[in-house]
Every structure is written in C-alpha cells, then in structure tokens.
Amino acid sequence: MKITVAGVQKEVADGLTVAQLIVDEKVETPQYVTVTINDDFVENGTFEKTVLKDGDSVEFLYFMGGGQ
C-alpha cells in the first residue's frame, strides 16, 4: 500500500502500525514525537494498535519548549 510520510510517498506493507513506522523511519527521540494521520492527532498510547491504511498521510511533530 502507499502512504505519505512527511510529504514523501512510500510503499509499505499492509498492516503497518504507527509504532513500526516510527522504527522504520528511524525517528529520533520517539518518546517525544507526536503523530498525525490525515491531520488528526494519534494518542501516544495507541501507536502499537493504530494500523495505517492505503492513502494515509503521516506527519511526525515535535513540540519544543524554551526561551526566557
């Protein structure tokens, strides 16, 4: 199946979960990443159960704090 990850279309196996995609994409500091699928936020504790579908668009977001 085809999905889009960070604007790049990729061919992936059927049944791919968000958790496995994070591993496959070598996401840095996965414990701090927020994931959206088709602009909807995915709850952090559901990555293992969330299965991607053909045509999904996935983004990895990092919220940074800082400043004074």
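Reader: What do E1 and E2 form, and how many residues lie between them?

Author: In this predicted model, E1 and E2 form a hairpin with two residues between them. Ala6, in the turn, has a positive phi of about 50 degrees.

Reader: Why are E1 and E2 said to pair?

Author: Pairing requires at least two bridges between the strands. E1 and E2 have four, in the antiparallel sense, so they count as paired. Thr4, for example, has Gln9 of E2 as its bridge partner.

Reader: What makes E1 and E5 a pair?

Author: Two bridges join these parallel strands. The cut-off is at least two, so E1 and E5 pair. Val5 stands opposite Val58 in E5.

Reader: Which side chains of strand E1 are buried?

Author: Ile3 and Val5, which point to one face.

Reader: Why is the contact between Lys10 and Glu25 called a salt bridge?

Author: The N to O distance between their side chains is 3.3 Å. The limit is 4 Å, so the pair qualifies. The structure holds one salt bridge. Lys10 lies in strand E2, and Glu25 in the loop between helix H1 and strand E3, 15 residues apart.

Reader: Why is Lys10 called partly exposed?

Author: Its relative accessible area is 28%. Buried means under 20% and exposed over 50%, so Lys10 falls in between. Glu25, at 28%, also counts as partly exposed.

Note on methods
Residues are numbered from 1 along each chain as its sequence is written. This is a predicted model: local features need pLDDT of at least 70, side-chain atom pairs count only at pLDDT 80 or more; totals for chains, interfaces and linings use all residues. Side-chain values use heavy atoms; hydrogens and water are left out. Buried means under 20% relative accessible area, exposed over 50%, partly exposed in between (1.4 Å probe, protein chains only).
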